[in-house]
Amino acid sequence: MQVHIKYFASIREALGRSGEAWETDAGTLGALRAALVARDAAPEHPLAEGRAVRMAMNQLMCEEDAALTPGCEVAFFPPVTGG
Amino acid sequence: MAGPRVRVQHGAFDIGQEIADLQAGDPRVGAVCTFLGTVRDRNAPGDANAASVQSLELEHYPGMTEKSIEAMIDEAHQRFDIFGARVVHRIGVLAPTEQVVLVVVTSAHRGESFQACEFLMDYLKTQAPFWKKEQTPQGAHWVDARVSDDAALARWGIEAHNA
């Protein structure tokens with residue numbers, strides 16, 4: 001399925017892009033995250049396991065076990081610091 | 001109540017106007033509580049006595065920001081006996097002393113407004129998708145989330161795993 005991915009703040013800067021559409025067979029947000037890390041094979045990947053990454057699907061905060069749906073909007077970002 | 005409950009904008013806001021819009025001449029209102037957040041010139045804990053922040057840049061997630069704050073205001077209405085609430089948050093580059101965020105709440109008596117105002121700020125700090133980047137003489141860096149903000153939300157019985 002295709003998913004629309006957005007990156008924000010330090011993660012956007014580290015990846016050098018604000019988003020992308022990607023065809024994936026990942027079933028969950030966590031699997032998608034791991035697949036992106038494996039695809040880029042970059043050292044110090046901002047989405048690597050152990051990094052502080054927060055996630056949203058269809059603009060709601062979600063955990064790694066959230067199931068992806070076709071065409072969904074996914075976002076990866078660092079802990080929020082507004083207010 | 002005139003105007004939307006949530007606004008994200010570059011420009012400054014007029015607190016008097018925001019209060020008037022939210023109060024909207026409603027004679028039931030006996031309390032208006034506001035919180036105004038402004039840009040500090042220092043941030044890191046070890047930095048308490050040294051001015052180091054030259055400017056603050058705020059980024060957000062358009063769409064999700066508004067939705068998440070709308071949901072927070074719905075939750076505030078569930079929890080507290082309030083008439084209205086409004087949140088205005090700025091984005092872009094801001095200088096020390098400038099306004100960042102405004103929360104306004106109206107109610108019949110002060111207790112509910114005070115509580116709802118604090119609840120909304122605690123919620124916003126850990127759940128609304130904004131990010132701050134500080135410009136300092138040593139360069140720019142993204143601000144770290146604080147565990148104390150997660151703890152502040154926990155006081156309301158909501159578990160946060162932001163920081």
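Biologist: Which residue of β5(A) does R54(A) stand opposite?
Modeller: In this predicted model, strand β3 (residues 54-57) of chain A pairs with strand β5 (residues 73-77) of chain A in the antiparallel sense, over four bridges. Within β5(A), the residue facing R54(A) is F77(A).

Biologist: Which strands of chain A stand at the edges of the sheet?
Modeller: The sheet is open, with five strands in the order β2-β1-β5-β3-β4 (chain A) and mixed pairing. Each edge strand has a single partner, so one side of each is left without a neighbour in the sheet. The strands at the edges are β2 (19-23) and β4 (60-62) of chain A.

Biologist: At what angle does helix α2 (residues 29-40) of chain A run to β5(A)?
Modeller: This helix lies across β1 (2-7), β3, β4 and β5 of chain A. Its angle to β5(A) is about 65°.

Biologist: Which element gives the most to the side of chain B that touches chain A?
Modeller: On that side, 23 residues of chain B are in contact with 15 residues of chain A. At least two residues each come from α2 (64-79), α3 (110-127) and β7 (130-136) of chain B. With five residues, the element that gives the most is α3(B).

Biologist: How many residues of the side of chain B that touches chain A are nonpolar?
Modeller: Six residues of this side are polar and four are charged. The nonpolar residues number 13.

Terms used. Residues are numbered from 1 along each chain as its sequence is written. Chains are lettered from A and ligands numbered from 1 in the order in which they are written. This is a predicted model: local features need pLDDT of at least 70, side-chain atom pairs count only at pLDDT 80 or more; totals for chains, interfaces and linings use all residues. Two residues are in contact if their C-beta atoms, placed from the backbone, lie within 7 Å. Ala, Val, Leu, Ile, Met, Phe, Trp, Tyr, Cys and Pro count as nonpolar, Asp, Glu, Lys and Arg as charged, and the others, Gly among them, as polar. Two strands pair if DSSP finds at least two bridges between them. Axes are lines fitted to C-alpha atoms, for helices over the stretch in contact, and angles run from 0 to 180 degrees between N-to-C directions.
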